[in-house]
Amino acid sequence: MKRTLKELAEYVEARLAGDDSVEITGLASIRSASSGDLVFVSDEKNLESALRSGAAAVIAGEFATSTASKPLLIAKHPRLAFARAGRFLAPPHRYNPGIHASAVVHPSAKLADGVAVEAHVVIKEDVVVGARTRIGAGSCLEAKVLIGEDCNLGANVAVYLGTTLGNRVIVHAGVVLGSDGFGYVCDPATGRYEKFPQIGTLQIEDDVEIGANSTIDRGALDATRIGRGTKIDNLVHIGHNCDIGEDVVIAAQTGLSGSVTVANGVIMGGQVGIGDHARIESGAILGGQGGVPSNKIIRGKGIVFWGTPARPIRQYLKELAVLAQLGKKGNH
Amino acid sequence: MKRTLKELAEYVEARLAGDDSVEITGLASIRSASSGDLVFVSDEKNLESALRSGAAAVIAGEFATSTASKPLLIAKHPRLAFARAGRFLAPPHRYNPGIHASAVVHPSAKLADGVAVEAHVVIKEDVVVGARTRIGAGSCLEAKVLIGEDCNLGANVAVYLGTTLGNRVIVHAGVVLGSDGFGYVCDPATGRYEKFPQIGTLQIEDDVEIGANSTIDRGALDATRIGRGTKIDNLVHIGHNCDIGEDVVIAAQTGLSGSVTVANGVIMGGQVGIGDHARIESGAILGGQGGVPSNKIIRGKGIVFWGTPARPIRQYLKELAVLAQLGKKGNH
Amino acid sequence: MKRTLKELAEYVEARLAGDDSVEITGLASIRSASSGDLVFVSDEKNLESALRSGAAAVIAGEFATSTASKPLLIAKHPRLAFARAGRFLAPPHRYNPGIHASAVVHPSAKLADGVAVEAHVVIKEDVVVGARTRIGAGSCLEAKVLIGEDCNLGANVAVYLGTTLGNRVIVHAGVVLGSDGFGYVCDPATGRYEKFPQIGTLQIEDDVEIGANSTIDRGALDATRIGRGTKIDNLVHIGHNCDIGEDVVIAAQTGLSGSVTVANGVIMGGQVGIGDHARIESGAILGGQGGVPSNKIIRGKGIVFWGTPARPIRQYLKELAVLAQLGKKGNH
């Protein structure tokens, strides 16, 4: 889509410096920008290269001045303005509504207006899908799954019995939602494991995004919950009974054991591991590969925790430094 | 299904205290129990809240007394009794037997009575599927796959050529079984890698359960084996030629490199990593994120190992304590 | 396929000692070899057991002598010769060319000669697939995907919009290629995350192999690249904008955050984690579970790095030794 800088400036609430009739057709990185492209810079030191790039205009922070060689959109948060400009220029892909002839949809399922059910999808009894939601090719919705409006499920997604998704949830290809939790009881007489009931549910709230091939288990007896706005990367595992708050960020390959509680606004790096019944309190940040033992509470708004067992990064770095020193002295 | 306490007491071999005609319709947690529900308590300190809950009856340990305000099922192992009560109240879902019209089944495949082949399944030459086994929607069984009786494969499972599964094996959605192992030979003349043959098999014994999106590779020349009763969580990787014993428990995101041997009854936490040709002996417990280097032997019944390289937890905790002390003194 | 030792010796460029008319029908391990099988030994200490095995002939290194009790193929690199013998005896499976009746292929897609499109595949607008490539059952190629010749995609693979694959690329079952990267901008006014544009591409070069259920994200604005000959194991995650060189080896469950650069010939063990914008220089080796912090540069041809943060293994082992000593002295 084509937009003038004037329209863009209004949409992203930026101050325009330069020719407001310039037409923008897309986004680009500074490195690869060409005519029609919009780029952005978050800090002053990259402004020069943005101005030298092939871009038609630049979104910059308040450090930029109106005398630049290209038109500028000056925004308080340039990266945010750039993201919004992107949505304005290219709204999310609209999938063709309709049910592909090869899809197998149970007659009891209720599909709202504008739903796109792609080829080879399977939708079982009593499923409900909200308006304009897309179910990607080869996905399977087991019985009683409820999905809200404007969701986008990629190809080959599997959703187990009774899982519920809110509105505007994005689920990437290969994700599994609502599978059985990992719960067994060992019979001491035989040493064999018997399955503990996994009959709870999985509830995913509005505006959640879930990365490719991630897995989220249903609760054992109650619900697993993923709070509004939480973003989950690829290959993440979330165990049964977890309660994940709102606006939580969980990077790739992180794993949460059963019954973990995560408060709003927590951030986790990649490959973090959290033991069962641990609690991560509001605003804590877990560095990549950090490990939280079972039943532990992690508390500290804005504090980064690192290592296994996870401890405040200041402490961890001190320990590493001491260790490095001792290692140098060591005589091995 | 509805059962009287009398019937339940007999089935789970518990001692009944109170009205044996009370009817139970389901299981619940103490928190959410309502009329008709059965709950359980493993230790005395939770008994009070169980008795105050909305449940119709309580499974408790031998610490409970017959004078309680609700009927009790007193069992030696309350959690085990609860799991069995669950099976009695709600036997595993029976899938509708039959082959869905959209499934593509090679004429040479042999499907026993009561097999449920769901929509969009693909079954290739010479596959054999045992009685009452369910093949979930969108799954693909490559040629010569052999699957036993009463198995349950979820949606979008992929099983490679010649893989064999025993009876009562549960495979969750998105699992890949029998894929090529990760084996290459570097040609020193070019620095390029050539594929080492991956022509072995994968044999999965009875009563194994495999979590969503896990992957198990076939052997290179011989077999990869998963022993009877072993339970594998989500997103686990098991490399080629591994030999996993019986009643092994492997939590989520754990990874075993090639040719690892795991004896019966080993327990692994989440995100454990084991190097190739390592051996984990009977009854050892690997704590979450622990790492076992290649060729290492881990030995010690009931001993917990932690850290990378994995060492007895007593030693590891001592080292952490010393390190924390030094870190405090450190002057950085 | 049946081959004489003479033919094999020529093909793998080995020196033949013994009866050149012996017929070989397959490969085996020493343990399970029977008549007609070829086995190999890389070092002298296993030669005896190879000669005592049921094999018809043995590939050995230059340590072997012509007076052995079985015919020998003496090669400079026995493992490499064995791998090549395997290809000679059993060329990669040829899938039946043709488009299965149940596949849904957009009329604008261009499929070259000899392409095998299996059951329940979905191929969308403007996809191009090169000669003799196989698309496994249940896979989905979104619009504008370009795939080269002689590729092999397993079952249930999902390839997002515009992803390109070179020739001879092997993609195992359940892999997701070209999914959105994990990029958001937090609106400080609301604390909510908005999606950063993920509109770049994913380019996979010739001779790459990707293990089951791995995920590789498209670039945010530019491309994610996987260089020629790189081998990726199961459940690996590669984030947006990564630039992976040629002949790189990445073992299972390793994860690369966004914008990581990996030079040619790097080797990574399993469960390695690399923070965003880190750079791994040519020939470095990252040991299993090693962690590279964001923006770090790892440099050192042939040097093994271990631990988190990753450091040269000599240093790491010294530190571990000192720590163990201190732990023993510690009084806890």
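Predicted model: local features only at pLDDT ≥ 70, side-chain atom pairs only at ≥ 80, totals over all residues.
User: At what angle do helix α4 of chain B and helix α4 of chain C pack, and are they roughly parallel or roughly perpendicular?

Analyst: The two helices, each spanning residues 313-329 of its chain, have axes 8 Å apart and an angle of about 95° between them. Angles of 65 to 115 degrees count as roughly perpendicular. That angle therefore makes the arrangement of α4(B) relative to α4(C) roughly perpendicular.

User: Which residues make the contact of α4(B) with α4(C), and how do they divide by class?

Analyst: From α4(B) the contact draws on Gln315(B), Lys318(B), Glu319(B), Val322(B), Leu323(B) and Leu326(B), while α4(C) supplies Leu323(C), Ala324(C), Leu326(C) and Gly327(C). Sorted by class, the residues of this contact of α4(B) with α4(C) come to six nonpolar, two polar and two charged.

User: How much area do chain C and chain A bury between them, and how many residues does the contact take from each?

Analyst: The contact takes 61 residues from chain C and 52 residues from chain A. Of the area buried between chain C and chain A, 59% is on carbon and sulfur atoms, and the total is about 4,400 Å².

User: How many salt bridges and how many residue pairs in polar contact are there between chain C and chain A?

Analyst: Across the interface of chain C and chain A, the rule finds seven salt bridges. Lys195(C) and Glu209(A) form a salt bridge through their side chains, with a distance of 2.7 Å from N to O. Counting residue pairs in polar contact between chain C and chain A, with both residues at pLDDT 80 or more, gives 32.

User: Which element gives the largest share of the side of chain C that touches chain A?

Analyst: The elements of chain C that give two or more residues to the side touching chain A are β21 (176-179), β22 (184-187), β23 (192-195), β26 (215-217) and α4. By class, that side of chain C has 27 nonpolar, 22 polar and 12 charged residues. The largest share of the side of chain C that touches chain A is eight residues, and this share comes from α4(C).

User: What does the interface of chain A and chain B bury, and how many salt bridges does the rule find across it?

Analyst: Chain A and chain B bury about 4,300 Å² between them, with 59% of it on carbon and sulfur atoms. Glu142(A) and Arg134(B) form a salt bridge in which the closest N and O atoms are 3.0 Å apart. Across the interface of chain A and chain B, the number of salt bridges that the rule finds is seven.

User: Which element gives the most to the side of chain A that touches chain B?

Analyst: On the side of chain A that touches chain B, the elements giving two or more residues are β21 (176-179), β22 (184-187), β23 (192-195), β26 (215-217) and α4 (313-329) of chain A. The classes on that side of chain A are 27 nonpolar, 22 polar and 12 charged residues. With eight residues, the element that gives the most to the side of chain A that touches chain B is α4(A).

User: Why does the pair of Glu118(A) and Lys124(C) join two chains?

Analyst: The side chains of Glu118(A) and Lys124(C) meet in a salt bridge at 2.7 Å, N to O. Glu118(A) lies in the loop between β11 (116-117) and β12 (122-123) of chain A, whereas Lys124(C) lies in the loop between β12 (122-123) and β13 (128-129) of chain C, so the pair joins two chains.

User: Where is Pro309(A), and what is omega for the cis peptide bond that joins Thr308(A) and Pro309(A)?

Analyst: Pro309(A) is placed in the loop between β40 (304-306) and β41 (311-312) of chain A. Most peptide bonds are trans. The bond joining Thr308(A) and Pro309(A) is cis, with an omega of about -5°.

User: What is the phi of Asp150(B), and where is this residue found?

Analyst: Asp150(B) is found in the loop between β16 (146-147) and β17 (152-153) of chain B. Most residues other than glycine have a negative phi. Asp150(B) is not a glycine, yet its phi is positive, at about 55°.

Conventions:
Residues numbered from 1 in each chain as written. Chains lettered and ligands numbered in written order. Heavy atoms only, no water. Axes fitted to C-alpha atoms, helices over the stretch in contact; angles between N-to-C directions. Helix = DSSP H or I, 4+ residues; strand = E, 2+ residues; numbered from the N terminus. Parallel < 35°, antiparallel > 145°, perpendicular 65-115°, else oblique. Contact = heavy atoms within 4.5 Å. Nonpolar A, V, L, I, M, F, W, Y, C, P; charged D, E, K, R; others polar. Buried area = accessible area lost by both parts, 1.4 Å probe. Salt bridge = Lys/Arg side-chain N within 4 Å of Asp/Glu carboxyl O. Polar contact = N/O pair within 3.5 Å; in protein donor to acceptor, adjacent residues only side chain to side chain.
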